[in-house]
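Welcome! Take a look at it below, and then read on.

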Amino acid sequence: MLGDKPLIEHTYIQTRSKIEYKVVAIGKIKCPESGYWYDAIFYVRADNTPGFYGRTVQSFMSNFEDTENIVEI
């Protein structure tokens, strides 16, 4: 992670499901109700399962952990 932003092509683990995902792009998501644009992270499963996902940076940072920060005991 670079500062408080996820890195493109870096692998993160979803803290609830323990599934690994790879960040593929950083962009914007528009809220349809307010019209406000939010910084966003776009990602795919690390095991190449079909699907393309997006969330705000704040939501991503709250729900994912960098795999390099995980220590197995």
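**A first look**

Of the 73 residues of the chain, 22% count as buried. Please keep in mind that this is a predicted model. The chain contains one helix and five strands, and from the N terminus on its elements follow the order β-β-β-β-α-β.

**Surface and contacts**

- The chain exposes about 5200 Å², and carbon and sulfur atoms supply 52% of that area.
- Consider the contacts between residues at least 6 apart in sequence: 34% of them join residues at least 24 apart.

**The sheet**

- The five strands make up an open sheet, and their order across it is E4-E3-E2-E1-E5.
- The pairing in this sheet is antiparallel.
- At the edges you will find strand E4 (53–56) and E5, each of which pairs on one side only.
- From one strand to the next, the twist averages 45 degrees.

**Strand E1 and its neighbours**

- Strand E1 (residues 11–14) is joined to E5 by three bridges, and the two run antiparallel.
- Tyr12 has Asp66 as its bridge partner in E5.
- Three bridges also join E1 to E2, and these strands run antiparallel too.
- Here Thr11 stands opposite Lys22 in E2.
- E1 and E2 form a hairpin with five residues between them; in the turn, Lys18 has a positive phi of about 65 degrees.
- Which residues cover the two faces of E1? Thr11 and Ile13 lie on one side, with Tyr12 and Gln14 on the other, and all of them are buried.

**The nonpolar core**

- In soluble globular proteins, nonpolar side chains tend to be buried together.
- The largest nonpolar core in this model has eight residues: Tyr12, Tyr21, Val23, Ile41, Tyr43, Val57, Phe60 and Phe64.
- Strand E2 (20–30), strand E3 (37–45) and helix H1 (57–63) each supply at least two residues of this core.
- Leaving aside residues up to four places away in sequence, Phe64 touches Tyr12, Ile13, Gln14, Thr15, Tyr21, Tyr43 and Arg55.

**Aromatic pairs**

- A pair of aromatic rings is described by the distance of the centres and the angle of the planes.
- How many aromatic pairs does the structure hold? There are ten.
- In one of them, the rings of Tyr43 and Phe64 have centres 5.2 Å apart and planes at 65 degrees, so this pair counts as edge-to-face. The cut-off for that class is an angle over 60 degrees.
- Tyr43 belongs to strand E3 and Phe64 to strand E5 (residues 64–66), so their pair ties together parts that are 21 residues apart in sequence.
- Are Tyr43 and Phe64 buried or exposed? Both are buried.
- Ring pairs also link Tyr12, Tyr21, Tyr43, Tyr53, Phe60 and Phe64 into a cluster.

Note on methods. Residues are numbered from 1 along each chain as its sequence is written. This is a predicted model: local features need pLDDT of at least 70, side-chain atom pairs count only at pLDDT 80 or more; totals for chains, interfaces and linings use all residues. Side-chain values use heavy atoms; hydrogens and water are left out. A nonpolar core is a set of buried Ala, Val, Leu, Ile, Met, Phe, Trp, Tyr and Cys residues joined through side-chain atoms within 4.5 Å. Buried means under 20% relative accessible area, exposed over 50%, partly exposed in between (1.4 Å probe, protein chains only). Helices (H or I, at least four residues) and strands (E, at least two) are DSSP runs, numbered from the N terminus. Contact means heavy atoms within 4.5 Å. Rings of Phe, Tyr and Trp (its six-membered ring) pair if their centres lie within 6.5 Å; planes under 30 degrees apart count as stacked, over 60 as edge-to-face and the rest as tilted. Two strands pair if DSSP finds at least two bridges between them. Axes are lines fitted to C-alpha atoms, for helices over the stretch in contact, and angles run from 0 to 180 degrees between N-to-C directions. Accessible areas come from the Shrake-Rupley method with a 1.4 Å probe; for residues, only the protein chains shown count as cover.
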